[in-house]
Amino acid sequence: MEQELLQVNHLKKYFSIRGGIFSREIGQVKAVDDVSFTVRKGETLGLVGESGCGKSTTGRSILRLIQPTDGQVLFEGKDVTKMSADEVRRLRRDMQIVFQDPFASLNPRHTVGRILEEPLIVHRIGNAKERKERVMHLLEVVGLHTAYAKRYPHQFSGGQRQRIGIARALALNPKLIIADEPVSALDVSIQSQVLNLMQDLQREFDLTYIFIAHDLSVVKHISDRVGVMYLGRMVELADKNRLYNTPKHPYTQALLSAVPNIDPDVKKERIVLQGDVPSPSNAPQGCAFHTRCALAMDSCKSIRPEWKAVGEGHFVACHLYH
Ligand code: SF4
C-alpha cells in the first residue's frame, strides 16, 4: 500500500455570521462540514466542485492559513491543527500553496529575484551567494530565463507569472503543494503548458499535489484520484478512471455530463441541474444536494447520507448506495 503523506479526518471549518448592535453570532456558514480523505505520497489528488463548495477553505485549513473549527489534519503523522506558531512556520517548508491569481500573490514592488529569495531568507537558508544560485536554478526549472530575476511581476504574461508562483512554492523543497485553481485565470492555450510543467516538476522533485479546480476536465489530465465536493461536503472520491467512467453520485454524474466529449461518436446526455447552489449559510438538511437531485427520496430530506465505500478506494455519500 502506498504511504500516506496526509490524512484529513472529519475536518470542519465554520465561519460565524454576526449581526445586531452587539455583533452577536446569528448564524454559521459551514464552509467545510465533516470532510475526510487521505493523500498518498507522490500522487495528485484533484478536488473539484462549484464555487462556494469549500474546496479552497479545505486547502487553506490543511495549510493552517486558517484555523479549522474541528477535525484532524495529520501530515506525516503530526496533527497540523494542534501545532504551535513555530511548528506551523517550520511546516511551511514542507507544505506550500500556488494561488489562482499569480499577479495578486506576487509583490509588485519586488523583483522576481527578491520574491524567490524571500522564503529562503525567512527560513535562514544559505548565504547570499547560495541564495542567488538557488533563485537562478528555480527560474530555470520553471522554464524562465535567469535574466528575468531583475524584472518586476507586471513585466510578465499570466502564464509566466504562474511559473514564478510555482518557482516560489518550490523554493523550500516542499513535499506537498496545494494548487488552488492554478490555471483558471489563464488562457486555454497556456493552461496545458502550466499543467505539463507541474507534472514534470512532480516527477523531478517527488512532489505530492492537491489540485483544486471547479472543472472536472482540468483535473482529469493531472490527477490520480479525484474528490468531488458540494456545499462543504465531500460527495464522492475515487481513482480517476473509476470516477470518470462509473460515477456514482448524481452530482458527479451531472458535472461529468457537462464535460465536452473529445470522441464525436460517443453520445452522452447532458444532465441539467435544477436551480442554483443553495447558500452555505443555509445548507439544506439531510443530503445537501437534495434540492437539486432528480433522484431525491423522502429520506434524503432529513437524513445525511454516510460516507461509505462502494468499491475499492471508491467512496460516495448517497442513500442510493446504502
Ligand atoms: Fe440524491 Fe438522495 Fe443521493 Fe442526495 S442522497 S444525491 S438527494 S439520491
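Accessible area here is the Shrake-Rupley area found with a 1.4 Å probe. By that method the protein exposes about 16,200 Å². Carbon and sulfur atoms supply 49% of that area. The model is a predicted one.

Q: Why does the radius of gyration of the protein agree with a compact globule?
A: The rule is 2.2 Å times the number of residues to the power 0.38. For 322 residues, a compact globule would come out near 20 Å. The protein has 21 Å, which agrees. Along the principal axes, the C-alpha atoms fill a box of roughly 65 × 60 × 45 Å.

Q: What share of the residues counts as buried?
A: The cut-off is under 20% relative accessible area. Of the 322 residues, 48% count as buried.

Q: What share of the contacts joins residues at least 24 apart?
A: A contact means heavy atoms within 4.5 Å. Take the contacts between residues at least 6 apart in sequence: 64% of them join residues at least 24 apart.

Q: How many side chains are positive, how many are negative, and how far apart are the centres of the two sets?
A: Lys and Arg count as positive, Asp and Glu as negative. That gives 43 positive and 36 negative side chains. The centres of the two sets lie 5 Å apart.

Q: What makes Y148 and F156 an aromatic pair, and which kind is it?
A: Ring centres must lie within 6.5 Å to pair. There are five aromatic pairs by this rule. For Y148 and F156 the centres are 5.3 Å apart, so they pair. Their planes make 70 degrees, and over 60 counts as edge-to-face, so that is the label. Ring pairs also link Y230, Y251 and F289 into a cluster.

Q: Is F156 buried or exposed, and how do you know?
A: Its relative accessible area is 6%. Buried means under 20%, so F156 is buried.

Q: Why is R131 called buried?
A: R131 has 16% relative accessibility. That is under 20%, so R131 counts as buried. R131 lies in helix α5, residues 128-141. Leaving aside neighbours within four places in sequence, R131 contacts E117, L120, I121, I125 and G126.

Q: Why is G113 called buried, and what does it touch?
A: G113 has a relative accessible area of 12%, under the 20% limit, so G113 is buried. G113 sits in helix α4, residues 112-122. Not counting residues up to four places away in sequence, G113 touches V135 and A149. G232 is 119 residues along the chain from G113, and their C-alpha atoms are separated by 38 Å.

Q: What sets the phi of R64 and E181 apart for comment?
A: Most residues other than glycine have a negative phi. R64 has a positive phi, near 60 degrees, and is not a glycine. E181 also has a positive phi, about 50 degrees, and is not a glycine. R64 is in the loop between α1 (55-62) and β4 (70-75). E181 is in the loop between β7 (176-180) and α7 (188-205).

Q: Are R64 and E181 buried or exposed?
A: The relative accessible area of R64 is 18%, under 20%, so R64 is buried. For E181 the value is 8%, so E181 is buried.

Q: Why is P108 called exposed?
A: Exposed means over 50%, and P108 has 51%, so P108 is exposed. P108 lies in the loop between α3 (102-105) and α4. P108 touches Y152 and P153, not counting residues up to four places away in sequence.

Q: Why is L65 called partly exposed?
A: L65 has a relative accessible area of 43%, between the 20% and 50% limits, so L65 is partly exposed. L65 is in the loop between α1 and β4. Leaving aside neighbours within four places in sequence, L65 contacts R60, R92 and I97.

Notes. Residues are numbered from 1 along each chain as its sequence is written. This is a predicted model: local features need pLDDT of at least 70, side-chain atom pairs count only at pLDDT 80 or more; totals for chains, interfaces and linings use all residues. Side-chain values use heavy atoms; hydrogens and water are left out. Buried means under 20% relative accessible area, exposed over 50%, partly exposed in between (1.4 Å probe, protein chains only). The place of a charge is taken as NZ of Lys, CZ of Arg, CG of Asp or CD of Glu. Rings of Phe, Tyr and Trp (its six-membered ring) pair if their centres lie within 6.5 Å; planes under 30 degrees apart count as stacked, over 60 as edge-to-face and the rest as tilted. Helices (H or I, at least four residues) and strands (E, at least two) are DSSP runs, numbered from the N terminus.
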